[in-house]
Amino acid sequence: MLQTVTLSDDEKELIILDQRRLPGEVRYLRLRQKEEMKDAISTLAVRGAPAIGVFAGYAMYILGERLREKEPSFKECLKKYRELGKEMANVRPTAVNLSRAVNRMVRAMEEERSLYDEARTIHQKDIDTNKKIGEYGLSLLKPGMGILTHCNAGALATTAYGTATSPLYLGHEKGYGFHVYCDETRPLLQGARLTSFELSQAGMDVTVLCDDMSASLMSEGRIDAIFIGCDRVAANGDAANKIGSLSLSIAARYYGVPFYVCAPTSTIDMDTISGKDIVIEQRDGEEIRSMWYEKPMVPEGVGIYNPAFDVVPSENITAMITENGIYTNTGNGINLKNGVIR
């Protein structure tokens, strides 16, 4: 399994798999400077809410240790560290793992605890969480099923197993023989470039399709379940995920296909009341206009709408799978305060 985020042996550099280059080139970047780290997040060299959280922990460790060396005054060091934390957290506001990891690191600095230990704890928690989500998710599946995924909530979006793909990896190890369908995921093609890459590398049976072909597959009865990840879950169970997740959930509800959201508890934000309160990142229109083409495919002067995420309402979610258990939809959405069934 490819390593997405790790520290160098001397613990002074952050090493990441550059996901902008996949699947054509497996290339690792070594980052030392703040601007390099911010750029890696904003340009999606590192991506996926859990991986971004681990990345943020190590970035804040490296930059924090450098601050400690330069600033003899703890008060001044802490002030600058807090400012650094705000700067890092604002690079991609929708993914709650980023701000939570940053806040954990700032709190460690405030309490004069080891930044390294805190960053390592964030990393290990991600690994343990993914495995538990996979075990709970696999309990909902049977051998030979057709599974649809959207975007990349795989090992490339975390540091092991993935969230939405964790049940697939564990099932594959047990010989379940799933057929996995990967939505291409416009406009950045995370499904085509990343999910199909990592699952095929693991030896799974994978088919890629354009996003607007999913309903056609459901109508033919070829999809037994849908698994997606998420970047933020509101207190009422609404889940923000990669753009296209909303329309996928609507089609799934129409055709009666179980729609599962794999959500580490670190992505659940009880301070955000509903999906309407989730800040949706708006991205550069060139991702649609020209990014994948030799020449622009949109006429000059035409406006472009390019939100990175949309929100799946709680009532469209069959169940939400966390490392603590499965929250099922009893008819009125997902109750995150109680209702874990296993």
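**Entry 1. The chain as a whole.** I began with the surface: the chain exposes about 14,900 Å² of accessible area, and carbon and sulfur atoms account for 48% of that. I am working from a predicted model, not an experimental one. Next I looked at secondary structure. The chain holds 10 helices and 14 strands. Its radius of gyration is 20 Å, close to the 20 Å that the globule rule gives for 342 residues, so the chain is as compact as a globular protein of that length. I also took the spans of the C-alpha trace along its principal axes, which are about 65 × 50 × 40 Å.

Then I checked burial and contacts. Of the 342 residues, 56% are buried. For contacts between residues at least 6 apart in sequence, 72% join residues at least 24 apart.

**Entry 2. Empty space inside.** Rolling a probe the size of a water molecule over the atoms shows where empty space is left. How many cavities of 30 Å³ or more does a search of the whole structure find? I got 2.

I took the largest cavity first. Its volume is about 220 Å³. The lining has 24 residues, and those closest to the centre are Arg47, Gly48, Ala49, Asn152 and Asp231. I sorted the lining by class and got 11 nonpolar, 9 polar and 4 charged residues. Which elements each supply at least two residues of this lining? They are helix H2 (49–70) and strand S9 (239–242). H2 gives the largest share, 3 residues.

The second largest cavity holds about 40 Å³ of space. I wrote down its lining: Pro187, Leu188, Gln190, Lys242, Ile243, Arg283, Glu287, Pro307 and Ala308. By class, that lining has 5 nonpolar, 1 polar and 3 charged residues.

**Entry 3. The loop between S4 and H6.** I looked up Ala157, which sits in the loop between strand S4 (146–149) and helix H6 (166–173). Is Ala157 buried or exposed? Its relative accessible area is 2%, so Ala157 is buried; the cut-off for buried is under 20%.

I listed its contacts, leaving aside neighbours within four places in sequence. Ala157 touches Arg47, Gly48, Ala49, Pro50, Ala51 and Asn152. Leu140 is 17 residues from Ala157 in sequence, and their C-alpha atoms are 22 Å apart.

Tyr161 also has its place in the loop between S4 and H6. Its phi is positive, about 70 degrees, although Tyr161 is not a glycine. Most residues other than glycine have a negative phi, and most peptide bonds are trans. I noted the burial of Tyr161 too: at 18% relative accessibility, Tyr161 counts as buried, because the cut-off is under 20%.

**Entry 4. The loop between S5 and H7.** This loop runs between strand S5 (179–183) and helix H7 (190–201), and Pro187 lies in it. Is the peptide bond from Arg186 to Pro187 cis or trans? The bond is cis, with omega near 0 degrees. Pro187 also belongs to the lining of the second largest cavity.

Leu189 lies in the loop between S5 and H7 as well. Here too I found a positive phi in a residue that is not a glycine; for Leu189 the value is about 60 degrees. Leu189 counts as buried, at 11% relative accessibility.

Entry 5. The peptide bond from Leu22 to Pro23 is cis, with omega near 5 degrees. Pro23 is in the loop between strand S2 (14–17) and strand S3 (28–31).

**Entry 6. Asp284.** My last stop was the loop between strand S11 (268–269) and helix H10 (286–289), where Asp284 is found. Is Asp284 buried or exposed? At 52% relative accessibility Asp284 counts as exposed, because the cut-off for exposed is over 50%.

I then took its distance to Pro307.

Technical notes:
Residues are numbered from 1 along each chain as its sequence is written. This is a predicted model: local features need pLDDT of at least 70, side-chain atom pairs count only at pLDDT 80 or more; totals for chains, interfaces and linings use all residues. Side-chain values use heavy atoms; hydrogens and water are left out. On a 1 Å grid over the protein atoms alone, a cavity is a set of points where a 1.4 Å probe fits but cannot get out, and a pocket is an open set with protein on both sides within 12 Å along at least five of seven lines; lining residues have an atom within 4 Å of a point. Grid points are joined across faces, edges and corners, and a volume is the space filled by probe spheres set on the points. Helices (H or I, at least four residues) and strands (E, at least two) are DSSP runs, numbered from the N terminus. Ala, Val, Leu, Ile, Met, Phe, Trp, Tyr, Cys and Pro count as nonpolar, Asp, Glu, Lys and Arg as charged, and the others, Gly among them, as polar. The radius of gyration is taken over C-alpha atoms; the globule rule is 2.2 Å times the number of residues to the power 0.38. Buried means under 20% relative accessible area, exposed over 50%, partly exposed in between (1.4 Å probe, protein chains only). Contact means heavy atoms within 4.5 Å. Accessible areas come from the Shrake-Rupley method with a 1.4 Å probe; for residues, only the protein chains shown count as cover.
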